[in-house]
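Subject: Structure for you to look at

Dear colleague,

I am handing over the structure below, and my notes on it follow directly after. Please read them with the model open beside you.

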Amino acid sequence: MADDQLKQQLKEMIVERLFLDVEPAQIADDENLMENYDIDSVNLFEIVVGLEEHFEISFEDEDFSVDLFATVDSLAEYVERKRS
Amino acid sequence: MVALEERLVTIESGGRGLHGVLHLPEDPAAGAFVFCHPFAEEKKCAHRTMVEAARAFAEAGWAALRFDLRGCGDSPGEFGECDLSGWGADLHSALDWLRGELSPRRAGLLGLRLGGALAARVAEERDDVDCLVLWEPIVDGERYIHENLRRSIIKAMMTRHEGGEDADGAAGQAHALGEGTVDFDGYQVPERMREQIAASNLLDQPRGFPGPVLVVNLSTSDSVAEPLRLLADCYPAGSAAAVRQEPVWQRIGVIDATPTTQLTVEWLQQMR
């Protein structure tokens with residue numbers, strides 16, 4: 001299970017990079033980001049860049065899947081896996 | 001806002017008549033700018049911003065010429081047959097045309113994204129450019145190509161998710177990178193063009209342009225990103241500024257670019 005601090009950092013990054021009008025803490029760990037925040041391919045690209053810059057990880061082409069970007073939980077697990 | 005004169009113009013370049021729009025100020029011009037648009041889909045997304053910026057320049061007393069590079073927008077030519085050399089020649093032609101038409105007291109270049117990289121290069125190839133404005137210029141061409149390929153992969157992933165018919169094909173094309181022509185958002189980018197862009201790096205040497213330069217970073221941050229700060233430092237009279245602004249080149253729609261335009265016009269007013 002990814003830690004809460006990482007999840008909070010992810011939420012802050014998402015809110016900042018997507019100019020969302022919501023407090024980071026209001027995003028639930030398991031809510032569907034793509035459906036609830038109208039995330040499209042442009043937003044996803046911003047999240048990828050944000051993940052790489054903020055968390056110093058690097059995406060491989062085969063990493064890209066919709067499930068990865070579904071929730072803060074899934075993103076946090078991905079970041080932890082890449083860091084380990 | 002005062003309705004100012006906007007005139008359709010044709011600029012001869014390499015045997016082609018390039019489409020342009022000249023925005024004229026009401027009072028005698030403080031100077032004149034040529035705008036250099038971004039690449040492929042980014043041009044389409046940024047169109048409204050470029051129009052509004054040209055109007056803001058004219059309101060502030062600066063004429064602004066917007067034009068379409070060969071193979072882009074309403075200018076003749078096949079996009080897939082173009083290259084940076086030809087686009088550079090077009091920008092030279094536009095500057096020559098503007099100088100001949102208006103004899104401005106000062107002439108400047110404004111470029112957005114890849115247009116910024118092109119403007120930076122052309123400004124160094126002549127001695128009659130007085131100032132340079134670079135909005136989120138592509139500093140590292142290789143990284144830019146990589147990012148575009150990333151976008152293709154993400155789009156293919158989304159299309160597949162939504163059950164689009166061409167999802168597999170798009171994914172295959174996005175992954176068939178590195179060889180031959182690739183698809184950037186529907187624009188066929190041939191290998192030669194891709195190689196030229198990838199070889200473009202504004203930080204690989206000190207910049208020779210001696211006049212004032214404004215590098216603007218449009219992002220979610222209040223501080224200037226390191227590559228753009230380094231770029232501004234490469235110029236003898238370079239300065240950099242950050243604007244909290246959605247990326248105007250990423251999405252077709254209404255993005256209010258007033259903060260970026262306002263900052264640029266204020267910078268220009270210091271030179272009047």
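In this predicted model, the contact between the two chains draws 12 residues from chain A and 13 residues from chain B. On the side of chain A that touches chain B, the elements that give two or more residues are helix H1 (4-17) and helix H3 (41-55) of chain A, and of these H3(A) gives the most, with five residues. For the complex as a whole, the predictor reports an ipTM of 0.85 and a pTM of 0.87.

Turning to chain B, its mean pLDDT is 90, and 92% of its residues reach 70 or more. Two stretches call for caution: pLDDT stays under 50 over residues 165-171 of chain B, for which the model has nine contacts beyond four places in sequence, and pLDDT also stays under 50 over residues 174-178 of chain B, where the model has eight such contacts. Where pLDDT is low, the predicted coordinates should not be read in detail.

As for overall shape, a compact globule of 272 residues would have a radius of gyration near 19 Å, and the 18 Å of chain B agrees with that. The C-alpha trace of chain B spans about 55 × 40 × 40 Å along its principal axes, and 44% of the 272 residues of chain B count as buried. Among the contacts in chain B between residues at least 6 apart in sequence, 65% join residues at least 24 apart.

Chain B has eight helices and 10 strands, and an open sheet of eight strands, with mixed pairing, runs in the order S1-S2-S4-S3-S5-S6-S9-S10 (chain B). Strand S1 (6-13) and strand S10 (238-244) of chain B are the edge strands, each pairing on one side only, and neighbouring strands of this sheet are turned by 20 degrees against each other on average, direction ignored.

Within that sheet, strand S3 (residues 31-36) and strand S4 (residues 62-67) of chain B pair in the parallel sense over five bridges, and Ala32(B) stands opposite Ala63(B) in S4(B). Helix H1 (residues 41-59) of chain B lies across strand S2 (16-23), S3, S4 and strand S5 (107-112) of chain B, and runs at about 155 degrees to S4(B). Helix H3 (residues 114-124) of chain B also packs on the sheet, where it touches S3, S5 and strand S6 (131-135) of chain B, with its direction making about 150 degrees with that of S5(B).

With best regards

Note on methods:
Residues numbered from 1 in each chain as written. Chains lettered and ligands numbered in written order. Predicted model: local features only at pLDDT ≥ 70, side-chain atom pairs only at ≥ 80, totals over all residues. Contact = placed C-beta atoms within 7 Å. Helix = DSSP H or I, 4+ residues; strand = E, 2+ residues; numbered from the N terminus. pLDDT = per-residue confidence, 0-100. Rg over C-alpha atoms; globule rule 2.2 N^0.38 Å. Buried ≥ 20, exposed ≤ 12 C-beta atoms within 10 Å, placed from the backbone. Pairing = 2+ DSSP bridges. Axes fitted to C-alpha atoms, helices over the stretch in contact; angles between N-to-C directions.
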